[in-house]
Amino acid sequence: MASGFEPKILICTECNEEFVFTVAAQEYFAERGYTEDPKRCKTCHTKYKKANREQRHHQSVEQPHFEYPE
Ligand SMILES: [Zn+2]
């Protein structure tokens with residue numbers, strides 16, 4: 001409880017729905033060195049990632065993808 005993070009309400013750029021940037025996700029972002037808030041809700045993020053992976057399945061070198069902690 002001493003992380004200093006608080007859940008944030010963000011608007012998804014994909015579906016324009018509000019979603020919660022949870023403390024766990026913020027900690028995860030901080031650990032990975034991400035300085036920007038996520039642009040998509042978890043649902044859109046998962047869809048986008050899946051589409052992206054299917055498009056580029058022939059490519060072996062991939063950027064590390066952010067995974068929302070469950
Ligand atoms: Zn969304």
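Here is a short tour of this predicted model, from its fold to its zinc site.

## Ground rules

Residues count from 1 along each chain as its sequence is written, and side-chain values use heavy atoms, with hydrogens and water left out. As the model is predicted, local features need pLDDT of at least 70 and side-chain atom pairs count only at pLDDT 80 or more, while totals for chains, interfaces and linings use all residues.

## The overall fold

The protein chain has 70 residues, and 23% of them count as buried, meaning under 20% relative accessible area with a 1.4 Å probe, protein chains only. Take the contacts (heavy atoms within 4.5 Å) with a separation of 6 or more: 43% of them come from residues 24 or more positions apart.

## The zinc site

Now for the metal. Four cysteines hold the zinc ion through their SG atoms: C12, C15, C41 and C44, at 2.3 Å. Donors here are N, O and S atoms within 2.8 Å of the metal (3.2 Å for Na, K and Ca). Along the chain, the donors are spaced C-x2-C-x25-C-x2-C.

The angles among the four donor atoms run from 104 to 115 degrees, and the site is tetrahedral; for four donors, that label needs all angles between 85 and 135 degrees.

How values were computed:
Four donors count as tetrahedral if all angles lie between 85 and 135 degrees; four count as square planar and six as octahedral if opposite donors are over 155 degrees apart and all others between 65 and 115; anything else is irregular. Buried means under 20% relative accessible area, exposed over 50%, partly exposed in between (1.4 Å probe, protein chains only).
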